[in-house]
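Work through the exercises below with the sequence and the model open side by side. Each task is followed by a solution in steps.

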Amino acid sequence: MPMELYNLQGVSINVLNPYQLLEEKRVYEQGTGRKLRPKDFKSIEIIQQIIDAKS
């Protein structure tokens, strides 16, 4: 997953865009074998709303 590098007050950070973050949430269970928690489903809903608002 390519990440964008940002510089914030002299600190370099990698940032996932909303599409990348949503994909990470959607494949989490497959990669870890752990079930998604209620807050994960809420995060997916919020991320999808952000993506929809940008479109």
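**Exercise 1. The nonpolar patch**

Task: Which strands each supply at least two residues of the nonpolar patch, and which residues form this patch on the surface?

Solution. 
- Step 1. The model is a predicted one. The strands to select are β1 (4-8) and β2 (11-15), each of which supplies at least two residues of the patch.
- Step 2. The patch residues are Y6, L8, V11 and I13. Together they have about 370 Å² of accessible area.
- Step 3. Take V11 as an example: this residue lies in strand β2. Its relative accessible area is 47%. Exposed requires over 50% and buried requires under 20%, so V11 is classed as partly exposed.

**Exercise 2. The hairpin**

Task: How many bridges join β1 to β2, and in which direction do the strands run?

Solution. 
- Step 1. Five bridges join β1 to β2, and the two strands run antiparallel.
- Step 2. One of the pairs is L8 with V11, the latter being the bridge partner in β2. L8 and V11 also belong to the nonpolar patch.

**Exercise 3. The surroundings of D40**

Task: Where is D40 found, is it buried or exposed, and what does its side chain reach at 2.8 Å?

Solution. 
- Step 1. D40 is found in helix α2, which covers residues 38-54.
- Step 2. The relative accessibility of D40 is 5%. The cut-off for buried is under 20%, so D40 counts as buried.
- Step 3. The side chain of D40 reaches the backbone nitrogen of R37 at 2.8 Å.
- Step 4. D40 also forms a salt bridge with R37, where the closest N and O atoms are 3.0 Å apart. R37 is partly exposed at 45% relative accessibility.

**Exercise 4. Salt bridges**

Task: How many salt bridges does the structure hold? Which residues do salt bridges with shared partners join into one network?

Solution. 
- Step 1. The structure holds four salt bridges. Side chains of opposite charge can pair when their charged atoms come close.
- Step 2. One of the salt bridges is between the side chains of K25 and D40, at 3.8 Å from N to O. This pair links distant parts of the chain: K25 is in helix α1 (residues 18-32) and D40 in helix α2, 15 residues apart. K25 counts as partly exposed, at 22% relative accessibility, whereas D40 is buried.
- Step 3. Another salt bridge joins K42 to E45, with the closest N and O atoms 3.5 Å apart. Both residues lie in helix α2, three residues apart, which is about one turn of the helix. K42 is partly exposed at 44% relative accessibility, and E45 is partly exposed at 40%.
- Step 4. Salt bridges with shared partners join K25, R37 and D40 into one network. D40 pairs with K25 and with R37.

Technical notes: Residues numbered from 1 in each chain as written. Predicted model: local features only at pLDDT ≥ 70, side-chain atom pairs only at ≥ 80, totals over all residues. Heavy atoms only, no water. Patch = residues over 30% accessible without salt bridge, like charges linked within 9 Å, V, L, I, M, F, W, Y side chains within 5 Å. Areas by Shrake-Rupley, 256 points an atom, 1.4 Å probe, with all protein chains shown as cover. Helix = DSSP H or I, 4+ residues; strand = E, 2+ residues; numbered from the N terminus. Buried < 20%, exposed > 50% of the residue type's maximum accessible area, 1.4 Å probe, protein only. Pairing = 2+ DSSP bridges. Polar contact = N/O pair within 3.5 Å; in protein donor to acceptor, adjacent residues only side chain to side chain.
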